[in-house]
Amino acid sequence: MKDEAIKQLMNREVERQNRGIELIASENYPSKDVREACSSIFMAKYAEGYPGKRYYGGCETVDEMETLSIERAKALFRCRYANVQPHSGSQANFAAYRAMLNPGDKVLSLALNDGGHLTHGSPVSFSSADYTFVHYDLGNDGRLDLEIIKRRLHEEKPRLFLAGYSAYPFAIDFAAMRKIIDDYNAQAETPCLFMVDMAHIAGIVAAGLCQNPCDYADAVTSTTHKTLRGPRGGLILTNREDLAKKINFAVFPYSQGGPLEHIIAGKAVCFLEDSKPEFRAYMQLVLDNTKACCDELMKLGCVCSGTENHLFLLDVLSSFGINGKEAQERLGEIDITANKNMIHGDTLPPQQASGVRFGFAAATTRGCTKEDAKEIAHIIYDALKGEADKQKLISRVQSIVSRWKNVLELEA
Ligand SMILES: *Cc1c(COP(=O)(O)O)cnc(C)c1O
């Protein structure tokens with residue numbers, strides 16, 4: 001690398017990531033093999049269109065590679081159709097909405113402040129400009145409430161019901177949602193479609209450790225870089241041939257040009273890695289570590305959400321009398337990276353928030369054990385309580401990461 005400025009920044013980022021404990025629930029570390037595919041010469045190839053139907057010549061190997069990526073995605077999620085071209089999760093949602101809706105159509109989703117995503121109808125996202133979003137609330141316990149969903153469905157008569165979240169720590173009963181929608185559709189004038197955005201939990205789905213939304217939803221969107229542990233990108237799955245065609249059109253030519261074939265190669269590597277028993281064991285450990293840390297914080301007297309997946313929320317306002325922004329900064333000072341997050345019924349504005357979201361997908365990839373997860377709970381507690389010496393806290397973090405793998409040397 002001759003570019004000294006970028007080289008230095010790359011090295012600094014490697015150093016930062018190796019030094020710290022990454023607890024941002026949406027992050028993960030892809031394997032060396034995934035990164036190698038992503039830096040391959042596929043990056044130089046224009047391949048607008050789909051395998052066998054390209055707008056450029058020279059696509060023979062790209063066609064074979066993208067077909068392999070599609071086949072692996074279908075096998076991993078036991079689904080009939082896959083589009084591996086979306087540049088990101090947001091792009092996947094953009095295309096999935098376009099495939100299923102007309103502009104202005106009504107969508108019933110969970111609001112961002114309750115754990116949804118920007119693309120689920122936030123006022124600052126394209127989604128709220130193009131479609132009419134209405135929301136369902138969580139129950140008083142912060143969990144999805146099927147009665148509330150049923151009631152909102154009958155009140156709002158949406159064209160699309162959307163499940164799948166960014167900060168929801170519990171298991172989701174997709175089968176029960178399907179039944180509610182089927183019951184509604186049996187007497188509705190215009191049927192409601194069911195879409196799941198599994199961006200956060202795709203790895204848990206791939207490992208077979210929760211319900212597979214592909215068995216129930218009309219279309220499923222995802223990212224590939226969160227629990228799935230692949231390159232940064234998006235994915236759309238469906239079992240419906242009619243929707244598969246519309247989805248392909250909505251991705252290209254409607255919303256994207258040339259696909260990122262190098263990233264599609266990285267996705268192919270990740271889909272194969274995720275089909276192995278080792279990945280299932282990894283994902284089980286992610287769940288165990290998340291629970292171990294959450295349980296330990298609760299034993300220390302903290303107010304936590306509880307967890308049934310790879311993340312949980314800590315109510316830092318109730319537990320320590322500080323807001324989420326302050327908590328995020330304090331943890332950042334001792335090389336623990338996490339993000340402030342609204343909690344159910346939050347009284348503070350989003351810039352402050354009352355909670356912090358923690359996830360163990362990335363830390364577990366580097367080698368985090370259950371004992372480490374418990375010790376991390378104690379470090380978080382001591383840091384947020386604000387009485388411990390900062391240098392001592394940093395040493396405790398260092399002692400944990402010194403046992404972990406380097407972020408550039410990870411095997412699947
Ligand atoms: C992360 C996420 C997305 C968007 O992914 P990007 O790749 O950042 O665009 C969409 N939906 C949900 C639920 C997410 O958590």
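A polar side-chain atom of Ser88 lies 3.4 Å from an oxygen atom of the ligand in this predicted model, a polar contact being a pair of N or O atoms within 3.5 Å; within protein, one atom must be able to donate a hydrogen and the other to accept it, and residues adjacent in sequence count only if both atoms are side-chain atoms. At Gly89, a polar backbone atom is 2.9 Å from a ligand oxygen atom. A nitrogen atom of the ligand lies 2.5 Å from a polar side-chain atom of Asp197. The protein buries 86% of the 390 Å² that the ligand exposes when taken alone (Shrake-Rupley method, 1.4 Å probe).

The model is predicted, with local features requiring pLDDT of at least 70 and side-chain atom pairs pLDDT 80 or more, while totals for chains, interfaces and linings use all residues. Residues are numbered from 1 along each chain as its sequence is written, and side-chain values use heavy atoms, with hydrogens and water left out.

The shell around the ligand holds 13 residues, of which Gly89, Ser90, Ser166, Asp197 and Lys226 come nearest (a residue is near if one of its heavy atoms lies within 4 Å). Helix H4 (residues 89-100) gives the most to this shell, with three residues; helices are DSSP runs of H or I with at least four residues, numbered from the N terminus. By class, the shell has two nonpolar, nine polar and two charged residues (nonpolar: Ala, Val, Leu, Ile, Met, Phe, Trp, Tyr, Cys and Pro; charged: Asp, Glu, Lys and Arg; polar: the others, Gly among them).

Two cavities of 30 Å³ or more are found in the whole structure, a cavity being a set of points, on a 1 Å grid over the protein atoms alone, where a 1.4 Å probe fits but cannot get out, with lining residues having an atom within 4 Å of a point. Volume is the space filled by probe spheres set on the points, which are joined across faces, edges and corners. The largest cavity has a volume of about 60 Å³, and its lining includes Asp197, Met198 and His200. That lining comprises six nonpolar, three polar and one charged residues. The second largest cavity holds about 30 Å³ and is lined by residues including Val84, His87 and Lys267.

Aromatic pairs number 15 (ring centres of Phe, Tyr and Trp, the last by its six-membered ring, within 6.5 Å; planes under 30 degrees apart are stacked, over 60 edge-to-face, the rest tilted). Tyr97 and Phe126 form a tilted pair, 6.3 Å centre to centre with 50 degrees between the planes. Tyr97 lies in helix H4 and Phe126 in helix H5 (residues 126-130), so the pair ties together parts 29 residues apart in sequence.

How values were computed
Helices (H or I, at least four residues) and strands (E, at least two) are DSSP runs, numbered from the N terminus. On a 1 Å grid over the protein atoms alone, a cavity is a set of points where a 1.4 Å probe fits but cannot get out, and a pocket is an open set with protein on both sides within 12 Å along at least five of seven lines; lining residues have an atom within 4 Å of a point.
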